[in-house]
Amino acid sequence: MWRSSFRVAAIWSAMCGLVCVSALPVQAQRFTGPINNSSDLYNNLPAWQGGNWLGTSLVPTQDWKLGVQTDDLEIGVLVRQVAPGSAAERANLEVNDLIVAVGGQQVGIVDGRFVDFSAEIRRRADQSGNVSLLVQDTRSGRLASIRVRLDGNQSALRGTVVRRDRAFLPADARVTVSVQNISRPIYVVRNGEATYSASGQNSIPFEINYDPSYIDPNDAYQVQAQIVSNGRIIYHTLQPVRVLGSSRSDGIQIEVVPIQNTTVASIGSPVISAGYGSVNDSLVAQYSQIYRRYLGRNPYDVELAAFMVSPNAASELQTLPLNLMASQQYYDAVGNNNTMWITAVFQQIIGRAPSLQERDQWLKFFNDLRGSRMEVLRQLANSKRV
Amino acid sequence: MLRSGGLVVASWIGVVLAVSWLSPSNGWAQAKPATQNPTSQNSQKAATQNPASGQASTSARLTASSGQAGNPPAGANPVKPGGAVQDLVAMLGGIDPYRPVGNLSGKVQVFGSTAMDNMVHAWATEFKLFHPQVTVEVTAAGSGDAFAQLKQNPQALVMLSRPVKPEELQQVKSDAIKDPVAFVVAREALGVFVHASNPAKSISGEQLRAVFTKQSADADLKWQLLDVTGPLAQQPIRIVARSETSGTQAFLRDFVFGGMEMRVSEKAHESNGDVLGALANDPLGITICGLRANGLGVRVLPLVGRAGVPVPNDDAAVLSGQYPMTRNLTLVVDLGQKTPEAKAAHELVHFALCRSGQLAAIRAGFFPAELPTLRAGLNLLERDKFR
């Protein structure tokens, strides 16, 4: 009995781990070692043996970025690391792949001369950042010409996560910075999250290479950070920073503060006090906010309790808006009939009122889906993303 | 033989809990057991005719209305979970965690109540985390459709937004359907509402019956019945209700008032919102409505419970089973089916009865079933050999 429930707990916590900390150690390595509390973190980068993150210019310009870390060889440019969520990862580039040429120009050490790969991709990318690469696949040894859409400089958010206290963080502490759509919280921003090691540093530089096709100019966005250790959030952001739109995308400073009921050992052993559950005030506030937004009320006691018992509260927040829009209460509130409901959820999810044609199309679809509200909502949300 | 005994017990729990407060010590006692009521076919018919109306009763009106006790109006101070919430956390923690069983695959078909649609989807989503080979297809065409669908698809799972009577299970039994069992998987709490200015303090089961059924003479239907003194005492009580075919009205007649003929509303209202809106303008009015459907200008009348004192109408009272008037939501499945699809359907019921399933029910806007009910359901599944 005991053992099997323990197993369930283990499964859950494993899943939570997947959700909360998508550990991306590659990027974290870039900033090992102490970093001064400087506003311009790129001038304070520690020397990196083996190359640069190509395209990461010290002066932000109209440059393009592939997202690899390389060594220049006489036979081409050897990929040493691939940045998570980068153009390189999307193009399926792998460690030990060899980039032989960019847009027809050989790169690396060519006839004893150095042909700069990063300069070459900037030079040869077209207006929308497309460039063709000749790559030797590390597994098959074959040469292939691939077309890559580079990450633009403008679709990255850079800044620093700052802790004001000087508490010692355990070795497994990870900071996750994420972009969130405030206007319509159910929309995720693709690649809108980055995780770094947080131990031993008071200011942690971050860079999020989000997918710009997921950004809607009509919506408002914010970034926030949280530090997770041992499966629990130990620091969070009280004041998320507004980004995108007219706001700056560089030099963003996010302050994180310790969560009250957690004790972080100030010296010595990296011990985090045991507490039950991972639900904290900030999650509860978000949960309540979603209830107010969709149902016009705060959650009832039993709904709060259910949230606090829930083993994966953070991921539950993601699906909550759809759940509430599918609820009977919402259905009744918007007029207690299918047409009004379709109109209302279309407005919520797509961000505008449906045309008559769209409305009828979705109504028909609703019937085709055997009257299942949740199914319609999912399809609507998907249609928005495509 | 033993198993069919268990079957009857579980389905009985489903029926009886709705009126479980009708103990001899107070007025609730006189309600006849639902099984003696001859109107089962009527209720089925009513639900079929108007599947949409049944679902609406589970709802609350979306206005700027404040919640029930302990819930400040929207936009007020940030929510801070207090001691009441901690108590509820402890209660929910008492529900058995889900322990997945076996390697399952196939398609589970679910038919029935539209009101339960989002709850079943939430179950399906989480269920798939444990059983990725299983797909769940939900067709929500109303509770009235449920048994007809079960007859056509013996391996399916059907959902009804009301309790299920043993006779109904007997009726559905056939060569194809060997062992139909009803499981109570969630509840909705019902409340008695009066005008905000009404001085009545509480209502007992006996008083409720006197007011809402034709057991007492129309001439006696005055507010003094509810121990009201002063100018209102000699004024008539006016019933405000939805049409007779609505799911709520059918449920009240069949399961709360034991099939007695109910008084009808002067005007048959379309939705819960209409009912409460009319009540807010009628100082002499009274109605029964979903407890969560709290509106402006009306108030909930506490129900007198077993101990002869009013039961608070808060979440803890409902969750612990103290609250006298709730409506059970039911899943029906044929445990006699042994195909992979049927096994997956049975396992989905198992999931629904466990903690994750019950938390999903809360998110869908319902209350969990009472702990003993959940246990009874789990035991029944456990006893079934194939698991």
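1. Setting aside residues up to four places away in sequence, A:G192 touches A:V177, A:S178, A:V179, A:I208 and A:Y210. The model is a predicted one, and this glycine is placed in the loop between β12 (174–181) and β13 (193–197) of chain A. A:G192 has a relative accessibility of 6%, which is under the 20% cut-off, so it counts as buried.

2. Some totals for chain A. The chain has eleven helices and 18 strands. Its length is 386 residues, of which 50% count as buried. Taking contacts in chain A between residues at least 6 apart in sequence, 58% join residues that are at least 24 apart.

3. In chain A, A:R373 lies over the face of A:Y331, 4.5 Å from the ring centre. In chain B, B:R327 lies over the face of B:F251, and here the distance to the ring centre is 5.6 Å.

4. Aromatic pairs come next. Over all chains there are eleven of them. One is formed by B:Y98 and B:F130, with 5.1 Å from centre to centre and 75 degrees between the planes, an edge-to-face arrangement. B:Y98 sits in the loop between α4 (83–93) and β1 (106–112) of chain B, while B:F130 belongs to helix α5 (residues 117–130) of that chain; the pair links distant parts of the chain, 32 residues apart. Both B:Y98 and B:F130 are buried.

5. Which arrangement do the rings of B:Y98 and B:F351 have? Their centres are 5.0 Å apart and their planes stand at 85 degrees, over the 60 degrees required, so the pair is edge-to-face. B:F351 is in helix α12 (residues 340–353) of chain B and B:Y98 in the loop between α4 and β1, so this pair ties together parts that are 253 residues apart in sequence. B:F351 is buried, as is B:Y98. Ring pairs also bring in B:F127, giving a cluster of B:Y98, B:F127, B:F130 and B:F351.

6. Helix α12 of chain B also has a helix partner. It packs with helix α14 (residues 371–383) of chain B at an angle of about 150 degrees, and the two axes are 9 Å apart. Angles over 145 degrees count as roughly antiparallel, and α12(B) and α14(B) are therefore roughly antiparallel to each other. The crossing of α12(B) and α14(B) is left-handed. On the α12(B) side the residues are B:H346, B:V349, B:H350 and B:L353; they meet B:L374, B:G377, B:L378 and B:L381 in α14(B).

7. Is helix α8 (residues 205–212) of chain B largely enclosed or largely open? Seven of its eight residues are buried, so α8(B) is largely enclosed by the rest of the structure. The buried residues of α8(B) are B:G205, B:Q207, B:L208, B:R209, B:A210, B:V211 and B:F212. Among the elements of chain B that cover these buried residues are β4 (180–195), β5 (238–239), α9 (247–256) and β8 (285–290).

How values were computed. Residues numbered from 1 in each chain as written. Chains lettered and ligands numbered in written order. Predicted model: local features only at pLDDT ≥ 70, side-chain atom pairs only at ≥ 80, totals over all residues. Heavy atoms only, no water. Phe/Tyr/Trp six-rings, centres within 6.5 Å; stacked < 30°, edge-to-face > 60°. Helix = DSSP H or I, 4+ residues; strand = E, 2+ residues; numbered from the N terminus. Buried < 20%, exposed > 50% of the residue type's maximum accessible area, 1.4 Å probe, protein only. Lys NZ or Arg CZ within 6 Å of the ring centre and 35° of its normal. Axes fitted to C-alpha atoms, helices over the stretch in contact; angles between N-to-C directions. Parallel < 35°, antiparallel > 145°, perpendicular 65-115°, else oblique. Left-handed = near helix turned anticlockwise from the far one by under 90°. Contact = heavy atoms within 4.5 Å.
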